[in-house]
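Biologist: Hi! Could you walk me through the side chains in this model?
Modeller: Happy to, let's look at it together.

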Amino acid sequence: MASRFGSFVLISCLVIAASHVQVSSSVHIVKGLSWSYYEKSCPSVESVIRKHLKKVFEEDIGQAAGLLRVHFHDCFVKGCDGSVLLVGTASEPSEQDAPPNQSLRRTAFKIINDLRELVDKKCGRVVSCADIAAIAARDSVFLSGGPEYDVPLGRRDSLTFASESVVLENLPAPTENASEIVAALAKKHFDATDVVALSGGHTIGLAHCTAFENRLYPTQDPTMEKTFAHDLKGVCPTTNSTNTTVLDIRSPNRFDNKYFVNLVNRQGLFTSDQDLYGYPTTRDIVTSFAEDQELFFEKFVLAMTKMGQLSVLTGTKGEIRANCSVKNSENPDLVSVVEEDLESYAELK
C-alpha cells in the first residue's frame with residue numbers, strides 16, 4: 001500500500017509541475033489528421049484515456065515509459081499505424097517478435113487494449129488503436145512531469161505488420177553512434193535538434209544490460225564516468241546479464257531534462273545516448289537542453305508531433321480495430337457477430 005501511495009503523491013506533484021506547450025500554429029499537419037478529429041464522434045476520448053492512465057500510473061509509474069516506447073517503435077518502422085500492436089504467429093512473426101521489440105513491455109500492449117475497451121464503451125468503435133497509442137504516449141509524458149501538448153488525431157490502423165528486416169532497418173540500435181542516428185533519421189526528415197529531443201525520451205524507463213554491455217566489456221568505454229561504470233558493473237556483472245537498470249540515474253521516474261545533465265557528466269547509458277554529447281553536431285544541443293528544461297520540452301513536443309505523423313493511414317485506408325492485437329478480418333468475435341447477423345437475416349427472409 002505504501003508504494004501505491006508513493007506513486008500517487010509522485011503523479012500529483014509531477015502533474016502540478018508540468019507545463020503546456022502550444023504547437024498547433026507552428027507544425028504542419030498532414031491531410032486527414034486534425035486537432036479536433038473526434039470532437040463530434042467521441043469528444044471524451046482523451047479524458048477517458050487520461051483517467052484510466054492516472055490509475056495505472058498510481059500503481060506503477062514505470063508503465064509510462066513502456067507506453068511511450070511503444071509509440072516510438074510503432075511510428076519509426078512503417079508509420080504510426082498501430083502495426084506494432086499486432087500479434088503474429090509461429091509461421092508469420094509480427095513486429096513484436098523482432099529483436100528490438102522483444103523488450104517492449106507486454107503490459108503496455110494490455111493497457112492499450114484496456115483503453116480500447118473503455119473508449120468503445122463510451123463512444124463505440126470510432127477511435128483507432130493508433131490514435132489511442134498516440135494519446136497514451138502523450139499522457140505518459142505529461143503524467144510523468146513532462147509537458148502537456150495537443151495531439152493531432154485521425155490515424156487508422158494498419159492491416160499488415162512489417163518484417164523483421166524492416167524493423168531492424170528502421171529502429172536505431174543503442175550501440176550506434178550519433179552520426180549514424182542523425183543520418184538515419186534525416187531520411188525521415190528529422191534534423192539534429194529533433195534527434196536530440198526525441199532521445200530525451202530516455203529520461204524515463206529501464207534498460208537491459210545487454211543493450212549497453214558493449215561499453216563495459218571486454219574493456220570499459222573511456223567516455224563513461226568511472227564511478228558510473230563501476231556501479232553499472234555491479235548491476236551487470238557479466239555479459240549477457242538479464243538484469244535491468246534505470247536510463248536516468250538522477251530522476252528515473254520523472255520526465256525532465258536530467259537525461260541531458262547525465263550526458264554532460266558522461267553518465268549516459270547507451271552509446272547512442274552518450275555520443276550525442278561527443279558528436280560536434282549535437283553537443284551544443286545537448287548542453288542547451290541540460291541548461292534549459294523548457295527549451296527541451298518545446299523541442300520535444302515539436303519532434304513528437306512530427307514523429308506522430310509519420311506515414312499515417314487516414315480516410316478510408318486501413319481500419320479501426322476492435323481488438324488492437326488482431327486485424328478485424330482475423331478477430332473471432334467480429335466474425336461470429338457477422339455470422340449471427342447473416343443467420344438472423346436468413347431467418348427473416
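**Cores, rings and charges**

Modeller: Let's start inside: the largest nonpolar core has 80 residues, and Leu53, Phe76, Phe260 and Met307 touch the most other members. A nonpolar core is a set of buried Ala, Val, Leu, Ile, Met, Phe, Trp, Tyr and Cys residues joined through side-chain atoms within 4.5 Å. Buried means under 20% relative accessible area, exposed means over 50%, and partly exposed is in between (1.4 Å probe, protein chains only).

Biologist: Which helix gives the most to this core?
Modeller: H5 does, with 10 residues. Helices here are DSSP runs (H or I, at least four residues) and strands are runs of E (at least two), numbered from the N terminus.

Biologist: Before we go on, what kind of model is it?
Modeller: This is a predicted model, where local features need pLDDT of at least 70, side-chain atom pairs count only at pLDDT 80 or more, and totals for chains, interfaces and linings use all residues. Residues are numbered from 1 along each chain as its sequence is written, and side-chain values use heavy atoms, with hydrogens and water left out.

Biologist: Let's switch to rings. How many aromatic pairs are there?
Modeller: The structure holds 12. Rings of Phe, Tyr and Trp (its six-membered ring) pair if their centres lie within 6.5 Å; planes under 30 degrees apart count as stacked, over 60 as edge-to-face and the rest as tilted. One of the pairs is Tyr37 with Tyr38: the centres are 4.9 Å apart and the planes are at 85°, so this pair is edge-to-face.

Biologist: Are Tyr37 and Tyr38 buried or partly exposed?
Modeller: Tyr37 is partly exposed, with a relative accessible area of 37%, while Tyr38 is buried at 3%.

Biologist: How do the rings of Phe76 and Phe190 sit?
Modeller: Their centres are 6.0 Å apart and their planes are at 65°, so they are edge-to-face. Phe76 lies in helix H3 (residues 63–78) and Phe190 in the loop between helix H7 (178–186) and helix H8 (192–199), so the pair ties together parts 114 residues apart in sequence. Both Phe76 and Phe190 are buried.

Biologist: Which residues form the aromatic cluster?
Modeller: Phe255, Tyr259, Phe260, Phe289, Phe296, Phe297 and Phe300 form one.

Biologist: Now charges. How many salt bridges does a search of the whole structure find?
Modeller: The search finds 13. A salt bridge is a side-chain nitrogen of Lys or Arg within 4 Å of a carboxyl oxygen of Asp or Glu. Arg138 forms one with Glu46, with the closest N and O atoms 2.6 Å apart. This pair links distant parts of the chain, 92 residues apart: Arg138 is in helix H5 (residues 129–143) and Glu46 in helix H2 (residues 45–59).

Biologist: Are those two buried or partly exposed?
Modeller: Arg138 counts as buried at 3% relative accessibility, whereas Glu46 is partly exposed at 29%.

Biologist: Which residues are linked in a network of salt bridges?
Modeller: Glu46, Arg50, Arg138, Asp139 and Glu148 are.
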